[in-house]
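Subject: Structure handover

Hello,

Here is the structure I promised to pass on.

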Amino acid sequence: MRKRMRTTAVAAVAVALTAALAAPAVAAGPGADRTGDTGDHKATARAVRAAVEGGVPGVTLRAEDRRGVWTATAGVGNLRTERPRSPHDRYRVGSITKTFVATVLLQLEAEGTLSLDDTVDSWLPGLVTGNGHDGARITLRQLLNHTSGVFDYTADEDFGRTYFLKEGFFEHRYDTLAPEELVRVAMSHKPDFAPGAGWNYSNTNYVLAGLVIEKATGRPYGEEIRRRVITPLHLTGTSVPGTRTGVPGPSSRAYGKLTADGSGPVHDVTRINPSMAFSAGEMISDSKDLGRFYRALLTGRLLPKEQLDEMTDTVAVDDTHGYGLGLMSTELSCGVTVWGHGGGIHGSTSDAVTTRNGRHSLAFNFNGDWTGDPEAVIDAEYCGD
């Protein structure tokens, strides 16, 4: 999931944010800078500090460039104990999952198992239908670049009240949802537009993409991600949890307000059943793994040139953003373009980007879902001091 889930899960936190975040220091990790300060990353350190001063409970970040690795943490990983965040924290990455899913589908295309010009109906007959939806007119490519017009199930008001707002969350946070149920929620609405006639971000697209992987391979989509990406790249902090409700350690707590406008008290929302996101956003990772993944992807270690070219062929989203196949391009204030994806899910806001040549990567996480400006951190890293 990507649209910021400004809502989420487990028990009210008795510690006030203002007390916990009174002195937001930035700690630079080993190898960050040989002089003992933050070196070329001073602007990034300021942006991380500003995020915490603005209300984010804690931040963990890792950057890698020609000078080496730099890590930073700020704020806290646990509001009750005031334990700081760790550079090694694992966290829910939300829609960053989409890049993994798109990578597997493109690998299947390279192997001749499927074509991105195949229709959804040819793989999932009869699933995308109703209220004007027609899977026979939608291609797999249109799923991956969000030009399908398929309604986003997370925009359904009943679904939002049940799984993202306080009135339903505490009762339903451990529900197991089948991906077909998520699709049926979307099918109860009209499409956003005719296939290929526009662009709109829809989590339903990637639920369908995950189901296509399962149909094409005969295996769970998460198993294909492990076999094709996680294991070959030795991503030891990365997992596809399925219905497991916790985040493996080392990790911090995750916090949300469970309100549509980000007001109200803070709740610990660490434990959820991520089947509500499925292949649109259920994965867990850490900053080191995310940097390694995007560097490997953009430098051709995971896809042949033809498929990587397809992935980086973008549809304009606005003046500075383009969306390819599970991969977004962002032109920053200084003219640098970075590639990657962001992800928001209960209590967690994450971003991972790299330059096109893979030589400068950045990955970080806010353990809160109602505040913070990830693009300010990215811009600081690539365009700052």
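Below are the notes, from the whole chain down to single residues.

Please keep in mind that this is a predicted model.

The whole chain

The chain runs to 385 residues, and 60% of them count as buried. It has 13 helices and 16 strands. The exposed surface comes to about 14200 Å². Carbon and sulfur atoms supply 48% of that area. Now take the contacts in the chain with a separation of 6 or more: 72% of them are between residues 24 or more positions apart.

D89

Start with D89. You will find it in the loop between β4 (68-75) and β5 (90-92). Is D89 buried or exposed? Its relative accessible area is 1%, under the 20% cut-off, so D89 counts as buried.

Which side chains make polar contacts with the side chain of D89? One is that of R85, at 3.0 Å. Another is that of S252, at 2.5 Å.

Set aside the neighbours within four places in sequence, and D89 is in contact with T60, P250, S251, S252, S285, D286 and S287.

Aromatic pairs

Next, the rings. The count comes to 10 aromatic pairs. Two of these pairs are worth a look.

The pair of F159 and F164: the ring centres lie 5.8 Å apart, and the planes meet at 65 degrees. Why is this pair edge-to-face? The angle of 65 degrees is over the 60 that the label requires, so the pair is edge-to-face. F159 is buried, and F164 is buried too. Both residues also belong to a cluster: ring pairs link Y153, F159, Y163 and F164.

The pair of Y201 and Y323: this aromatic pair is edge-to-face as well, with 6.2 Å from centre to centre and 85 degrees between the planes. Where do the two residues sit? Y201 is in the loop between α8 (179-187) and α9 (203-217). Y323 is in strand β12 (residues 321-323).

Are Y201 and Y323 buried or exposed? Y201 has 2% relative accessibility, so it counts as buried. Y323 has a relative accessible area of 0%, so it is buried.

Best wishes

Definitions and conventions
Residues are numbered from 1 along each chain as its sequence is written. This is a predicted model: local features need pLDDT of at least 70, side-chain atom pairs count only at pLDDT 80 or more; totals for chains, interfaces and linings use all residues. Side-chain values use heavy atoms; hydrogens and water are left out. Helices (H or I, at least four residues) and strands (E, at least two) are DSSP runs, numbered from the N terminus. Buried means under 20% relative accessible area, exposed over 50%, partly exposed in between (1.4 Å probe, protein chains only). A polar contact is a pair of N or O atoms within 3.5 Å; within protein, one must be able to donate a hydrogen and the other to accept it, and residues adjacent in sequence count only if both atoms are side-chain atoms. Contact means heavy atoms within 4.5 Å. Rings of Phe, Tyr and Trp (its six-membered ring) pair if their centres lie within 6.5 Å; planes under 30 degrees apart count as stacked, over 60 as edge-to-face and the rest as tilted. Accessible areas come from the Shrake-Rupley method with a 1.4 Å probe; for residues, only the protein chains shown count as cover.
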